[in-house]
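Biologist: Can you walk me through this model? I'd like the sheets, the core and the pocket.

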Amino acid sequence: RNQKRLTFSKGIDISPTWNPRTGRELAFVSSRGGKPEIYVMDAEGTNVRKVISEGVGSYDPAWSRDGQFIAFSSQKSASSRLNIFIHNLATGRSVQLTNDLGDSEQPAWAPDGRHLAFVSSKTGSPQIYTILADGSKLRQITKTGRNEGPAWSGFIKQ
């Protein structure tokens, strides 16, 4: 009922996602600077700032549960594939986790904050994979059909 427009750029603003720690910030993709980049803003649409500008485009922002990191996909050059990165908001540095023959995209953090699920087309069709946030222990989860949009249950076993 009480919708409020938050962005007013001439570019395309898409893929908003809430900071799960604060509930007061949104990360989103915007082409306002000429290419898809990841921005963060306050819930009221103020304090807009570019936080990730990798290669020719950055997409699919996903906050870590503690709000300290954003996982995303990015394409380093027009001839390269999409890969998964993790951006440390405190240091401003991004680390590349994948380097596949196919596109890797749509990262989703596990509730434990240690794993990511993502989609990769390296086998020819989109399949779901998991990887630790340090880039180790890559594991293919699905093997047949077309699988996209990975999501985790919010349940954490104590």
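Modeller: Helices (H or I, at least four residues) and strands (E, at least two) are DSSP runs, numbered from the N terminus. This is a predicted model, where local features need pLDDT of at least 70, side-chain atom pairs count only at pLDDT 80 or more, and totals for chains, interfaces and linings use all residues. Residues are numbered from 1 along each chain as its sequence is written, and side-chain values use heavy atoms, with hydrogens and water left out.

Biologist: OK, which residue in strand 2 is the bridge partner of Asp13?

Modeller: Ser30. Strand 1 and strand 2 (residues 25-30) are antiparallel, with four bridges.

Biologist: What order do the strands take in that open sheet?

Modeller: The order is 1-2-3-4, with antiparallel pairing. Strand 1 and strand 4 (49-52) are at the edges with a single partner strand each, so one side of each has no neighbour in the sheet.

Biologist: How many residues lie between strand 9 and strand 10 in the hairpin?

Modeller: Five, and Gly113 in the turn has a positive phi of about 70 degrees. Four bridges join strand 9 (residues 104-109) to strand 10 (residues 115-120); Glu105 stands opposite Val119 in strand 10.

Biologist: Switching topic: which residues make up the largest nonpolar core?

Modeller: Ten in all, including Ile84, Leu97, Trp109, Phe118 and Tyr129. Such a core is a set of buried Ala, Val, Leu, Ile, Met, Phe, Trp, Tyr and Cys residues joined through side-chain atoms within 4.5 Å, with buried meaning under 20% relative accessible area (1.4 Å probe, protein chains only). Strand 7 (82-88), strand 10 and strand 11 (127-132) each give two or more residues to this core.

Biologist: Last one, what lines the largest pocket?

Modeller: Among the lining residues are Trp18, Trp63, Arg65, Trp109 and Gly154. A pocket is an open set of points on a 1 Å grid over the protein atoms alone, where a 1.4 Å probe fits, with protein on both sides within 12 Å along at least five of seven lines; lining residues have an atom within 4 Å of a point.

Note on methods. Two strands pair if DSSP finds at least two bridges between them. Buried means under 20% relative accessible area, exposed over 50%, partly exposed in between (1.4 Å probe, protein chains only).
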